[in-house]
Structures are given as structure tokens and as C-alpha cells.
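Visitor: I would like to learn how to read a strand in its surroundings. Could you take me through one?

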Amino acid sequence: MRGIKKLLFLLLLPAMGRAQNKITRQDITVEGKKMTYTGFNLYARRPHTPVLVFEAGMGVSGSVDFQVLYPGLSKFAAGIAYDRNGEGASDEDTTLATDAALAKRLHEFLKKLKIAPPYMLIGHSMGGAYIWMFTALYPSEVSGLVFLDSPDFMLTDEQDQQIRINSGSGKGPNDWVAPYEQSLADDTLRSIVSRHRFQRLANLFRQWPLPRIQAPASASRYPGGRAGDL
């Protein structure tokens, strides 16, 4: 528990600047596509200790944006951050049409690098949806979850109804978010990469709420989260 509190403190500490030590981005080919990543202590971790796996938000290069955290975290943990296919320096892959496909690609990526579980997954913004799905697919491999400014994936029927009333439109989130994302995906003036990104989001929102998962005992939600059924 002390280690998790220390991790959360460092993750939530406002970034005052980039890490002084330059981290070299590396590439690996997974399913014929280049994937770019950075990491620390990956092959020096003690057996069976969790490795931190960072999942960035939409349109963000995870291999770069989390590097400011590496110096502090490397004192007691191992970690890796990567660019999803179509983000940052990683190749686009139009076969990845759903969040489940993205989660499976992350699993293949970690396996190819021979980074064994357990994993502590850290998702920022929309990255929270992907770590949620990863946990639903591979629950025995996840030791903890940290959500950083992520959306709520599990609106109750009562909450959905209240939103319909408050909006004055009679529509809930799923009634307008997916069609809006689909309209962006269908915009031929956008780049192929951008259109594919919005198509994945449209597909994601069509299947919300996401599957319920049994959170690992060490899972945390900020603020005031607790472990258990999510």
C-alpha cells in the first residue's frame, strides 16, 4: 500500500518540466506494424513485482508525455509507455477498429517485449477506457488500476435518465456522442489517421457502458476510490 501511495503522489505531482536525462525511444514490430515505446528498469525488476504500463489519452504520444515521471518512479519501480498504433511515432493499423482490439494489441506488444505480468495499468483520459478493457480481457494479469482524469465508463440507468432530463433534449450520452464521433469519422476532409481515430471512438461509445470488472485489490480511483466491483 505504501508503494501505491508513493506512485499516486508522483503521478499527480504537477509536472514542472521534462526529465533531464534523455530517454531514447525504441521501436518494435508487432503484427507487421511499428510500435514506439520508452521505459525504465524493464529487465531489472524483481520477479513477480508489477510493472507500470502507461496508456495515454487520445492523440497523445505516450512514449514522450510520461517521461517526466520516469526519474522519480525509477527509484522503486519498472515501467513502460508506448504510442498506440496511429498515435505518435507508431504505425497506423486500420484493422484495430475497437477498444478491445487495442487492448489485445497492447497485450501482444508486452508479450513481444517479454515483459511478463503482473501489470499496474495507468490510463490518462481516454486511456482509461483501454486499461479498463485490458483488465476485462486479462484480469489475472492486472495487479492494479490508476485512472487519471478519465471519463466515467459505467453510468447507471438513473444517471443516464437524469442527464436526459437536465439536457432538456431527452437524449442521453449514448444518443449523441457516438453519432457525433461518427460524423467526424465520415468527414473526408480529415486525414485517414484522424478519421480512423474517430471511428474507433464511435465504436467505443456504441458499446458503452463497458463490461463490469472485478478490480484488483490494489486498484485505486482518484479521488476517493476503492477496490472492488467497478
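Visitor: Which residues of E3 lie on one side and which on the other, and are they buried or exposed?

Guide: In a regular strand the side chains alternate between the two faces of the sheet. Here Val 51, Val 53 and Glu 55 are on one side of E3, Leu 52 and Phe 54 are on the other, and all are buried (under 20% relative accessible area with a 1.4 Å probe, protein chains only; exposed is over 50%, partly exposed in between). Strands are DSSP E runs of at least two residues and helices are H or I runs of at least four, numbered from the N terminus. This is a predicted model: local features need pLDDT of at least 70, side-chain atom pairs count only at pLDDT 80 or more, and totals for chains, interfaces and linings use all residues. Residues are numbered from 1 along each chain as its sequence is written, and side-chain values use heavy atoms, without hydrogens and water.

Visitor: Which strands pair with E3?

Guide: Pairing takes at least two DSSP bridges between two strands. E3 runs parallel to E4 (residues 78–82), with four bridges, and Val 53 stands opposite Ile 80 there. E5 (residues 119–124) is also parallel to E3, over five bridges; Met 120 is the partner of Leu 52.

Visitor: Which residues touch the most other members of the largest nonpolar core?

Guide: Such a core joins buried Ala, Val, Leu, Ile, Met, Phe, Trp, Tyr and Cys residues through side-chain atoms within 4.5 Å. Among its 27 residues, they are Ile 80, Phe 109, Leu 110 and Phe 134. Helix H4 (99–112) gives the most, five residues.
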